[in-house]
Amino acid sequence: SGSGFLNIKTTGNGLTISGMPNGTFTLTNTSRLQFDGGTPVNVIGGKSQSLLDTKAKVIPDLLNKVNRLAFTLMERVNDLHTKSFDLNGGTNRPFFTGSNAADINVGKTILADPALIAVAASKDFPPGDGSQAIQVANLRFNAKIDGQNLDEFYNSLVSDMGISIGQASEQAEHKKLIVEQLQNQKDSVSGVNLDEELANMLQFQRSFSAAARFMNTIDEMTNQ
């Protein structure tokens with residue numbers, strides 16, 4: 001706009017920006033806003049910085065942990081399943097497909113025929129052997145990620161996320177109180193107190209009335 005300033009505000013759909021042609025911007029993985037030409041927009045705080053930190057740090061870290069949990073679960077279950085036997089005596093078939101939390105799924109052949117679920121330890125065992133299913137259930141305690149079993153890792157993930165949200169809420173409330181206190185201090189200096197202004201008006205009115213009576217008295221004395 002030629003003024004040298006940009007207006008950036010948050011909306012329900014993200015950020016909106018005005019003050020430059022077309023109002024377009026790019027959100028990069030380096031936690032910075034930049035124009036189409038590559039010129040960076042420095043953000044030093046506020047809601048914009050919070051959104052950038054969430055996109056570049058908080059969400060990727062959370063997704064990485066969720067993906068590690070999903071990958072470990074798939075890897076360990078598939079390892080057991082490929083070594084187990086289904087009702088037809090078949091083996092060497094993975095239970096899950098995919099590589100992370102976004103595409104994890106049960107194999108299509110197993111979805112089409114539940115008899116292919118392999119839970120027997122040996123093809124010679126009679127139907128009804130579910131010993132390998134117990135091994136799969138125990139993975140929540142036996143499989144490890146960074147020294148934690150799957151159950152502990154998941155609980156830690158949820159707990160850390162809750163703590164982060166709680167801390168962010170407390171900090172936001174604290175900053176809000178600081179802003180309100182500063183605003184009250186500003187208003188006490190520059191704001192208008194209606195009661196005080198009314199008292200001053202009454203004082204000025206009485207002073208004017210007294211001055212008028214004084215002038216009338218002087219006028220009467222000089223006319224005699």
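Colleague: What should I know about the model before we start?

Modeller: The model is predicted, so local features need pLDDT of at least 70 and side-chain atom pairs count only at pLDDT 80 or more, while totals for chains, interfaces and linings use all residues. Residues are numbered from 1 along each chain as its sequence is written, and side-chain values use heavy atoms, with hydrogens and water left out.

Colleague: Why is His-81 called buried?

Modeller: Buried means under 20% relative accessible area, exposed over 50%, and partly exposed in between (1.4 Å probe, protein chains only). His-81 has 5% relative accessibility, so His-81 counts as buried.

Colleague: Which residues is His-81 in contact with, leaving aside neighbours within four places in sequence?

Modeller: They are Arg-93, Pro-94, Phe-95, Ile-110, Leu-116, Ile-117 and Ala-118. Contact means heavy atoms within 4.5 Å. His-81 itself is in helix α1 (residues 46-82). A helix here is a DSSP run of H or I, at least four residues; a strand is a run of E, at least two; both are numbered from the N terminus.

Colleague: What makes Arg-68 and Asp-146 a salt bridge?

Modeller: The term asks for a side-chain nitrogen of Lys or Arg within 4 Å of a carboxyl oxygen of Asp or Glu. In this pair, N to O is 2.9 Å, so the pair counts. Arg-68 sits in helix α1, and Asp-146 in the loop between β8 (144-145) and β9 (148-149), 78 residues apart.

Colleague: Are those two partners exposed or partly exposed?

Modeller: Arg-68 has a relative accessible area of 31%, so Arg-68 is partly exposed. Asp-146 has 59%, so Asp-146 is exposed.

Colleague: How do you know that Asp-79 and Lys-83 form a salt bridge?

Modeller: Their side chains meet at 3.4 Å, N to O. That is within 4 Å, so the label holds. The whole structure has 5 salt bridges.

Colleague: What makes Phe-214, Met-215, Ile-218 and Met-221 a nonpolar surface patch?

Modeller: Patch residues have over 30% relative accessible area and no salt bridge; like charges are joined within 9 Å, nonpolar side chains (Val, Leu, Ile, Met, Phe, Trp, Tyr) within 5 Å. Take Met-215, in helix α6 (residues 194-223). Its relative accessible area is 52%, so Met-215 is exposed. The patch covers about 430 Å². Areas come from the Shrake-Rupley method with a 1.4 Å probe; for residues, only the protein chains shown count as cover.
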